[in-house]
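Please read them beside the coordinates.

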Amino acid sequence: MKTRQVAAPNQLALLQGTLDVLILRTLVFGPQHGQGIARAIQATSEDVLLVDHGALYPALQRLEAQKLIKAKWGTSTNNRRARFYTLTRAGRNQLVEESSRWRRLAAAMARVLGPEPQQR
Amino acid sequence: MNILPPRRTHDDFANEVQSHLDLETDRLVSEGMSPDAARTAAHRAFGNVAGVKERFYEASRFIWLDQFLQDLRYAWRGLRRSPGFVATTVLTLAVGLGLLTVAFTIVNAYVLRPFAIRDPQGLHQIVWRAREGGGPGFRWQDYDELRARTDLFTAVIGEQTRFVASNGRPLMTGLVSSNYFDALGPAIAIGRGLGAADADGAGNPAVLSHQAWIRLFNGDPSALGRDLDLNGRAFTIVGVLAPTFVGLGDMPRDVFVPYTEAWTPRQRRGANGIRETEISVRLQPGIAAGQAAAALTPFLQRVIERQEAVRAEVRPQTSPNPLTPELLAVLAPVFTAFGLVLVTCCANVSSVMLARALARDRELAVRLSMGASRGRVIRQLLTEGLVIALLAGAAGLALAAWGLRAAVFALFSTLPAAVAPLLRIAPLTFDSRVFLFALTVSAVATLTFALFPALQASQTSPIDALRGQGRGGCPGSRLRNLLVAGQVAVALVLVITAATIARNGTAVGAMDLGFDTTGVISVNVRGDQDELARPLADALAADPRVADVAVTSGNPLFNLGLMVAAAPSGAPPVTPTATTFVSPEYFPMLRIPIVEGRAFRADEARGAARVAIVSAATAKAFWPGETAIGQSIRILRSNGGRVDELPEYPEVTVVGVVPAIVGGVMISGRDTGHIYLPMTSADPHATAILVRGRTDRDLTAQTFHEIFRRIVQDPQVFEVLSLAEMRALQIYPLVAASWVGWLLGGVALALSVSGLYGVLVFTLGHRRREIGIRLALGATARAVVQLMLRQSLRLAGFGSLAGLVVAFGVLKILDAAIRLEAITLLDARAFAGGAALVVAATALAAWQPARRATRVDPAQTLRAE
């Protein structure tokens, strides 16, 4: 049960600016609603990344305003009304750009930090 | 098309949040949680629902509108509670806005507003330029020739304008080419315009302007088809123009009729024609104005004879006076003066608003401590200012409409009686440009008068204010003092300017012209049919009601003297000298004494003898220390050639000397030099007439009308104006300018006085305690009055000093730019008088608050401690 969002020792809070690219990445697999996106990020990161559900919505709103995603009301698998977000062409391009940026950053960080020191 | 996507509603967002919570609850329930626990957990995972909703609200782009509407409601409620404050501020601003709007409306009517015709931007006027002279006038035959230039123009319009008598009334008449209405396309109120079918003038059709229709027929639609007498010929009114179009010029036309040859006297037709036809064109697509001018230059060189370096100019004719840098240089100082009054109004309102904002210290402190940001408080105070500015803008427009009507009425009732019936005013109406101007100025005014108080007030420290202390000392006093000193300075600049103009007006009005205008009436020929003066002079001389008649080549005060380069024989040519042909009656009639030598003899006049009478100034300049009598003068053109107009006068002998007189405009003073040559009424140079009746009542307008009718069909060819009226007319602009100056100066002074009064009352309120203690400690009433007066004198002193410096600087610059003999711009008395007036007024403003200060009751103050 990973419902309690109190950070477990093995969980990381999201870095500034990472949420947007995670949302875009999640939407590559098709339309999804807010709760689904939150769950998907947590699941695909194998519960390492902690998504504050509340913080998700301003991010979605921002992406929608930038026309990177678009939204439409629809019905969820368990028959609830939900607002589904879809990636736009601009969003797809943005994702490609952002993910390569993050990969380069992660690789560079890894090189600088060097091999993981041996734990006791 | 909607540019912005439809706004997402708050409810829609709330639904989404709810759906999220439901989905999360569902998932947790499916993982085996109880529904209640699941709901709690979902909420916990979401965090602060209200906070997220708030962030949604703030991110939506219409929040400023919501806040603005809230501010507007708040401002409205607040202002309704203090009607006195609203009335003061709105009225103060309305005066400033109204004055500025009046000035703008006049400029709009004469400069900015395009003619109400089809495509006014495409209309151009053809003008000729030469080394000596130029202008928009052509002969009608030139127009006829230009009409064929379809390679350059899509339309060529010709018009002559002149006053034509209609049952004794002068009507400003446009004699227009038959394509005038088709090419311009002005709106017609009733009936029709003139068309190609009217080219021959058959049936004598006439189109009235709206102004004339109202004036002559009270706007009666049955005027259509009625007869209109023009010059003894009956014309039929076929149409009335809409009020928006009054003709292509400064002077609104009363009536338009087709031009036919009958309008030109036989002897003036063809090549003898006078250049009085103005030509407007519409260019062919792809032809630039410069190209057309280049193509027209050879044509103009052919038709403009006896001029050197003739070239054509095709200039835009969008409005009566399209804006040029020169025109702007004239308008800018006038607008500055009107603008300064508005600035003073703003300063007053600013001062009042500051006092109000400071009085609301506690309220603002509460708002700030409740979490309002400083920006939000400033915005709220600005909104209040905006409401006041909009109210003032509306009131200002109303005031301007009233002011314009009053100004036009004042103009007509103060102009010399002989001139008023000839004056036509362009319609001074408010159009979108005027509204836009008023709105812009109101908005700018808001920023200036509301921003400073708002910034100042928002600096309130909530803790102090809530504790009930307010800031120590006299809050905002620096700013208020600055405003008052600035007002005093502006008022002083305007008062000094007004005093300078007024004193010049008085001085010019009292000027000794060097001749006696009493009873002398000038008759000039309008247009260029100068030869009509000769038979008229004879007819007048033969009339028993006439005592004396003199003919001249240009009457004094009318500035029609011929300028020649004259020099004593044997010396090189000197500066231009005015030269006038006069009949021997001229000097006795104007009571100009012959100071040396003798007057012209009748035989000299008949034979156009080569003799001259010179003014004392010319005599002194040409032969210093010698007598002028018997000396000879060479008369040349400025470039040394012979004067075409004076073929018989290369050299003349001086027989007499007279004192200098004012031949042209009075502000230029007496002529620097003058040469008089003899002639009779038979001479071609006899183009103007001076006449004196046997008694004052002999020569009425009716008499002149009757005598004129013997010479010409149209008596309006002659312009009758007594020399006394001409003198009044010349002073009129100065007098009118000084009225405007006094008005502006008076308003500014009243505002600065009330501003100073406000500051002192405010200070008194804040220093009541201090004064009470001083009185209790034994200060005399005198000391307290001094205390109060010292503050006001310091403000008035600083303001006056600044005003004096600015006024001196401005007038010094103008003085360097304007070189007029009779005008003194740096007038010590105007400066001293203006400063004394302003200081006295400010002292008066300070007196009442100072007296009130002495009545502070020490006992009461101490008890309150």
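1. Two strands count as paired if DSSP finds at least two bridges between them. Strands (E, at least two residues) and helices (H or I, at least four) are DSSP runs numbered from the N terminus. The model is predicted, with local features needing pLDDT of at least 70, side-chain atom pairs counting only at pLDDT 80 or more, and totals for chains, interfaces and linings using all residues. Residues are numbered from 1 along each chain as its sequence is written, chains are lettered from A and ligands numbered from 1 in the order in which they are written, and side-chain values use heavy atoms, without hydrogens and water.

2. Strand E13 (residues 520-525) of chain B pairs in the antiparallel sense with strand E23 (residues 718-722) of chain B over five bridges. Within E23(B), B:Glu719 is the bridge partner of B:Asn524.

3. E13(B) also pairs with strand E22 (residues 688-693) of chain B, in the antiparallel sense and over five bridges. Here B:Ile689 of E22(B) stands opposite B:Val523.

4. Six of the six residues of E13(B) are buried, so the strand is largely enclosed by the rest of the structure. Buried means under 20% relative accessible area (1.4 Å probe, protein chains only). B:Val520, B:Ser522 and B:Asn524 point one way, and B:Ile521, B:Val523 and B:Val525 the other way.

5. Helix H1 (residues 10-30) of chain B packs against helix H2 (residues 35-46) of chain B at an angle of about 130 degrees, with axes 8 Å apart.

Definitions and conventions: Axes fitted to C-alpha atoms, helices over the stretch in contact; angles between N-to-C directions. Buried < 20%, exposed > 50% of the residue type's maximum accessible area, 1.4 Å probe, protein only.
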